[in-house]
Protein chains: 2
Amino acid sequence: MRRHFKGDAGVAIQFADRMYSVKKSFIREILKVTEDSSTISFAGGLPNPKSFPVEEVAAAAAKVLKEDGESALQYSTTEGYPPLREYIAKRYARYGIKADAGEILITTGSQQGLDLIGKVFLNKGDTVAVERPTYLAALQSFGMYEPGFIGISLMDDGIDVEAMKKALADDAVKLLYMVPSFQNPTGITYSHEKRKQVAEALRETKTVLVEDNPYGDIRFMGEDLPPMKRYVGGDAIIMGTFSKTVSPGMRLGWLYAPGDIMEKLITAKQAADLHTSYFVQRVVYQYLLDNDVEKHIKRIRRMYKAQRDAMVSALERYFPDGVYYTRPEGGMFLWVTLPEGISSIKLFEIAIKNKVVFVPGHAFFVDGSGQNTLRLSYSNSNEEQIEEGIKRLAKAFYTLKEAKHETIAVKG
Amino acid sequence: MRRHFKGDAGVAIQFADRMYSVKKSFIREILKVTEDSSTISFAGGLPNPKSFPVEEVAAAAAKVLKEDGESALQYSTTEGYPPLREYIAKRYARYGIKADAGEILITTGSQQGLDLIGKVFLNKGDTVAVERPTYLAALQSFGMYEPGFIGISLMDDGIDVEAMKKALADDAVKLLYMVPSFQNPTGITYSHEKRKQVAEALRETKTVLVEDNPYGDIRFMGEDLPPMKRYVGGDAIIMGTFSKTVSPGMRLGWLYAPGDIMEKLITAKQAADLHTSYFVQRVVYQYLLDNDVEKHIKRIRRMYKAQRDAMVSALERYFPDGVYYTRPEGGMFLWVTLPEGISSIKLFEIAIKNKVVFVPGHAFFVDGSGQNTLRLSYSNSNEEQIEEGIKRLAKAFYTLKEAKHETIAVKG
């Protein structure tokens, strides 16, 4: 007879401590309940599939397999396909950054970059500073290594530098994670002045900057600014991705880090998945080589600009004063702040009945605040859907507001 | 002025503790120094690229992109493409195992499976039992979660069950990791009787079995046996891969685990890379659907059988009595034990000058033993290369043996 039936009710399998503190992504759970096609979704951060270069990728795949098929299907190096690393390194030159191909590590999407950085830097109990609100999946990836988090408030032009200085005065803050351009979830972009101040403040610390830059190419208005790395210099790590400019389904991203950090990242990557799909690396590189990528990116910018304009315009028309929202200069997201005391979770419950969904904002805060905020994505809806979706959302908002007044009236 | 220049000599960046104990793969380092094409390599565990279905994969990629391109390039679910999971689950039926698609998680190569299992189960200081010798990359992946390792000796027909019982009597052994069919590095396969005994012994413990089965399909002689999972029942986790039967460069593998474990694995996978390349999943599934896969696998078996026979035959002809080697019934590896006191590292140094390389065996032992052992891979060399390579290796062996005698003579 078995002493234990592992997995049986009663005798639970003992998982690692980290598994009891990490939650599943709230966003992914939302996406599951909203697969109904009549619901308009501003929830997921999905690129517009109309932007995918399907035919060009097909041509690239055919060419790679015809010309070098056996090699493209074989194991490869952990670091990644050298010409692809070279391509990525060279592209930073447009910002006056001299990157070396040896400083680029190809990753399985930029999400893997977060995991590798966590693995390389974090002992249990170390501190990670993040923006407030911040990218949810960064909390999940880093969270697996059981650090503590400090949230630093975002202002209209980027992080609150005084609060940042205060937070980083503690030597124990190992990493500062930020998305300085078209931030997820807020759409906020750090100004040139703010970038300089952040770099200046970082110099006084031991903290390593992790700059997540998935949307940097998708600027459709305002002045283009270099990554924080240009301001900070050698120590920063940049995370990049082809998800927003070529295809997210490929899962192809990279880390750009100085040599001593890179060496550790490669060791961690080797243990994580040996290397990123070599077939994918070869196909995407062939695509980049054979096509006018800058032209393609311009097309995506125009597409998202139109969608962003449609959303801002609809918000202006359908929502009353007292509801605030960001006006992003790029990227895929817009952030709404409802009047104090109006819960975006309650709004969600009504909105889903009205067949429109979004992500309630509290999920993006390490301290559970932001109850009256929400994230809207305009990237995966056309202008008609955006118009209709914001109309439905406004209707839900008024329903909630009136119900609230009634409650108050009854209470009074 | 900067208080610290992070990364400067003198003020080292503080990495996580785990990064100071994990070494880079010795095998990968060997592969780097042996890129000279006149050197015959028995070192890497590379499949024979002649076995890759290049044209069929090209047809599958073209079809997927033509028929469903926008979807194939979009983000997808963490669990993986449902029809692919269904296909994998159903294929276990040939061993009398009823797997449900919900128990299959698609991974970025089976290497990622190791990382996810480590993440889900291991706290620092937990114990993992492994075969002695064992698969090197498992030590690396699990090692990232800072467990202790116990090595359990392998016999000709599988693990030493008495030693295993003794090791697992300690309640703290969380995982038992094994490769029961055509093991890497030894080529050893557990007998039916041994599998039964292992299952029986496991029942008395809390330890979860991790069965790595990358070579199970590549049996070219002897009686086909079901995976350990069939003997153990619900609690075992199986790791599988398309690397040996379709293409390793795709990085496509899976975990097969019961529901309560699967739930944690999905959470860990989500944090690790969101999901495995959806494009790769779609292409490989299309390939599996449109081709006679069993016929393709039979072709690989014939290919490796011929290569294995060539190596065994050459070893018989060129090496003297007192050198022992396994005679694998499948897989890609063969294990050589030299006479006591003859170092495979010294042999390596001579062999590389003779333009033949292999992996010295001590790397596969958690306790640094196995100094007189080595691993030979026959999968990525043709019969002529194998004949010539073993001849060169034997020459190196005799050179070493004579040098040793001379040293003894001089000493004497």
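Reader: In this predicted model, which residues touch the most other members of the largest nonpolar core?

Author: The model is predicted, and its largest nonpolar core holds 164 residues. Nonpolar side chains tend to be buried together in soluble globular proteins. Within this core, the residues that touch the most other members are F121(A), L376(A), F121(B) and L376(B).

Reader: Which residues is L376(B) in contact with, leaving aside its neighbours within four places in sequence?

Author: Among the contacts of L376(B) are M311(B), L315(B), M332(B), F333(B), L334(B) and V336(B).

Reader: How many residues are in the second, separate core?

Author: This core includes L84(A) and I238(A) from chain A, together with V246(B) and V293(B) from chain B. Its number of residues is 67.

Reader: How far apart are the end C-alpha atoms of helix α7 of chain A?

Author: Helix α7 of chain A covers residues 192-203, which is 12 residues.

Reader: Within what arc do the buried residues of α7(A) fall, seen down its axis?

Author: The buried residues of α7(A) are K194(A), R195(A), V198(A), A199(A), A201(A) and L202(A). They line one face of the helix, because seen down the axis of α7(A) they fall within an arc of 165°.

Reader: What covers the buried residues of α7(A)?

Author: The cover includes the chain A helices α6 (161-168) and α8 (228-232). It also includes the chain A strands β4 (148-155), β5 (158-159), β6 (173-178) and β7 (208-212).

Reader: Which three residues supply 20% of the area that domain 1 of chain A buries against domain 2 of chain A?

Author: The domain assignment gives domain 1 (17-52 + 295-411) and domain 2 (54-290) in chain A, with C-alpha centres 26 Å apart. In chain A, 36 residues of domain 1 are in contact with 37 residues of domain 2, and the two domains bury about 3200 Å² between them, 65% of it on carbon and sulfur atoms. Of the area that domain 1 buries, 20% comes from three residues, more than from any other three: F52(A), E329(A) and V366(A).

Reader: Does S343(B) count as buried or exposed?

Author: S343(B) is found in the loop between β11 (333-337) and α12 (344-353) of chain B. Not counting residues up to four places away in sequence, S343(B) touches Q371(B) and L400(B). The cut-off for burial is under 20% relative accessible area, and S343(B) has a relative accessibility of 18%, so this residue counts as buried.

Terms used:
Residues are numbered from 1 along each chain as its sequence is written. Chains are lettered from A and ligands numbered from 1 in the order in which they are written. This is a predicted model: local features need pLDDT of at least 70, side-chain atom pairs count only at pLDDT 80 or more; totals for chains, interfaces and linings use all residues. Side-chain values use heavy atoms; hydrogens and water are left out. A nonpolar core is a set of buried Ala, Val, Leu, Ile, Met, Phe, Trp, Tyr and Cys residues joined through side-chain atoms within 4.5 Å. Buried means under 20% relative accessible area, exposed over 50%, partly exposed in between (1.4 Å probe, protein chains only). Contact means heavy atoms within 4.5 Å. Helices (H or I, at least four residues) and strands (E, at least two) are DSSP runs, numbered from the N terminus. The expected span of a helix is 1.5 Å times one less than its number of residues. The arc is that of the directions from the helix axis to the C-beta atoms. Domain bounds come from an automatic or database domain assignment. Buried area is the accessible area (1.4 Å probe) that two parts lose on being put together, summed over both.
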